[in-house]
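Please work through the following exercises with the sequence and the model open beside you. Each task is followed by a solution that goes step by step.

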Amino acid sequence: MSDPLLSLSAVTAGYGDLYVLEDVSLRVDEGNFVAIVGPNGAGKSTLLRTIVGGTTLHDGTIRYGNDDISRTPRHEIVDAGVGYVPQDDAVFPDLTVRENLRMGGYTGDGDVDARIGEIYDLFPRLEERPDQAAKTLSGGESRMLAIGRALMPGPDLLLIDEPSTGLAPQIVDRMFERIDKIHTEGTTVLLVEQDVSAVVDSSERVYTLQNGEIGFEGSVEEFQASDDAESLGW
Ligand SMILES: Nc1ncnc2c1ncn2[C@@H]1O[C@H](COP(=O)(O)OP(=O)(O)O)[C@@H](O)[C@H]1O
Ligand SMILES: [Mg+2]
C-alpha cells in the first residue's frame with residue numbers, strides 16, 4: 001500500500017485532563033472520500049479539531065504526507081494544504097459573502113476573483129448574494145460560505161464537520177452533491193457526520209466512532225452490510 005495522505009496512529013486526545021479520543025487510528029489515502037460516522041457526543045468534532053491542532057494531544061502521532069504534524073500549529077497545517085470547516089462554520093458575521101471568501105486567502109495561480117468565481121460555480125446561491133452580510137445568511141448558505149472559504153486556498157485535503165448540521169433533509173442531499181463535486185474535481189475529503197444516510201452515497205471508506213473509539217472500519221459496501229450501520233440507524 002502506498003503512504004496515506006493523512007494518518008492518525010493510536011491518537012489519544014481531549015481537552016486538558018479530559019480524555020475524549022482513545023487510541024484512534026485511521027488513514028485517508030489521496031483522492032479518497034472518507035466518512036467517520038457516530039452519534040452525538042462520540043468525539044467527531046474533537047477528532048477533526050485534533051487533526052488541526054486544536055485539542056490536547058496526549059498520545060499518538062498524526063502524519064500529513066511525509067510530515068509529522070502532531071505538534072504543528074494550525075496555520076502551518078492550513079498552509080500545507082489542509083482545509084477545515086468547523087461545525088459552527090466560523091464565518092465572519094459582519095463581513096459580506098465576498099469579503100469572507102477573500103479572507104479565505106487564495107494562494108494558487110491566477111487571481112482571487114477568478115478563484116471566487118470557481119466557488120460561485122460550485123455554490124450559485126453565494127453568487128446571488130455577494131454583498132450580503134454573513135450573519136444574515138440561512139443555515140445552508142452559511143454552510144456553503146464556510147466550505148467556500150476553506151476551499152479558497154485550494155486545499156488538497158478538506159475536513160468537514162457535519163455538513164448536515166441544521167439543514168433540512170432536501171438541502172442535506174444537495175449539500176452532499178456539492179461535496180461530491182469537490183471530491184470528483186480532485187480534493188481528498190474527510191468528513192464526520194451523525195446522519196449516516198447522508199454519507200453512504202458519497203463515501204468510499206467508512207469509520208464508526210463511538211465513545212471516542214473507532215469501531216467499524218471498511219468500504220462503504222462492507223459498512224452497509226454491517227451491524228454497525230444498523231445500530232447507527234441506517
Ligand atoms: N471545548 C471542549 N471542552 C471540553 N470538553 C469538550 C469540548 N468540546 C467537546 N467536549 C466534550 O467532548 C466530548 C465529545 O464531543 P464532540 O467532539 O463535540 O462530539 P461530537 O462531535 O461527536 O458530537 C463530549 O463529551 C463533549 O462534552
Ligand atoms: Mg460535533
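A residue is near a molecule or strand if one of its heavy atoms lies within 4 Å of it. This is a predicted model, in which local features need pLDDT of at least 70 and side-chain atom pairs count only at pLDDT 80 or more, while totals for chains, interfaces and linings use all residues. Residues are numbered from 1 along each chain as its sequence is written, chains are lettered from A and ligands numbered from 1 in the order in which they are written, and side-chain values use heavy atoms, with hydrogens and water left out.

**Exercise 1. Describe the shell of residues around ligand 1.**

Step 1. The residues around ligand 1 are Tyr15, Leu18, Val20, Pro39, Asn40, Gly41, Ala42, Gly43, Lys44, Ser45, Thr46 and Arg49.

Step 2. Sort them by class, where Ala, Val, Leu, Ile, Met, Phe, Trp, Tyr, Cys and Pro count as nonpolar, Asp, Glu, Lys and Arg as charged, and the others, Gly among them, as polar. The shell then holds five nonpolar, five polar and two charged residues.

Step 3. Ask which elements supply the shell, taking helices (H or I, at least four residues) and strands (E, at least two) as DSSP runs numbered from the N terminus. Both β2 (18-28) and α1 give at least two residues each, and α1 provides the largest share, namely four residues.

Step 4. Look for polar contacts, that is, pairs of N or O atoms within 3.5 Å; within protein, one must be able to donate a hydrogen and the other to accept it, and residues adjacent in sequence count only if both atoms are side-chain atoms. An N or O atom in the side chain of Lys44 is 2.8 Å from an oxygen atom of ligand 1, a polar side-chain atom of Asn40 lies 3.4 Å from an oxygen atom of the ligand, and a polar backbone atom of Ser45 is 2.9 Å from an oxygen atom of ligand 1. Of the 560 Å² of accessible area that ligand 1 has on its own, the protein covers 60% (Shrake-Rupley method with a 1.4 Å probe; for residues, only the protein chains shown count as cover).

**Exercise 2. Find which residues coordinate the magnesium ion, ligand 2, and state where they lie in the chain.**

Step 1. Donors are N, O and S atoms within 2.8 Å of the metal (3.2 Å for Na, K and Ca), and sites may look incomplete because water is not among the atoms. The magnesium ion is coordinated by Ser45 through OG and Gln87 through OE1, at 2.1 to 2.3 Å.

Step 2. Ser45 belongs to helix α1 (residues 44-51), whereas Gln87 sits in the loop between β6 (82-85) and α3 (97-103), so that the pair, 42 residues apart, links distant parts of the chain.

Step 3. Compare accessibility, where buried means under 20% relative accessible area, exposed over 50% and partly exposed in between (1.4 Å probe, protein chains only). Ser45 is buried at 13% relative accessibility, and Gln87 is partly exposed at 30%.

**Exercise 3. Is Thr12 buried or exposed, and which residues does Thr12 touch?**

Step 1. Thr12 is found in strand β1 (residues 6-15) and is buried, with a relative accessible area of 11%.

Step 2. Contact means heavy atoms within 4.5 Å. Not counting residues up to four places away in sequence, Thr12 touches Tyr19, Leu21, Glu22, Asp23, Thr56, Leu57, His58 and Asp59.

Step 3. A polar atom of the Thr12 side chain lies 3.1 Å from the backbone nitrogen of Asp23. Asp23 itself is in strand β2 and counts as exposed at 54% relative accessibility.

Step 4. Most residues other than glycine have a negative phi. Asp23, which is not a glycine, has a positive phi near 55 degrees.

**Exercise 4. Where does Ser70 lie, and what does the side chain of Ser70 reach?**

Step 1. Ser70 lies in the loop between β5 (67-68) and α2 (74-79), and its relative accessible area of 14% makes Ser70 buried.

Step 2. The Ser70 side chain reaches the backbone nitrogen of Ile62 at 2.9 Å and makes a polar contact with the side chain of Asp68 at 2.5 Å.

Step 3. Leaving out residues up to four places away in sequence, Ser70 touches Leu57, Gly60, Thr61 and Ile62.
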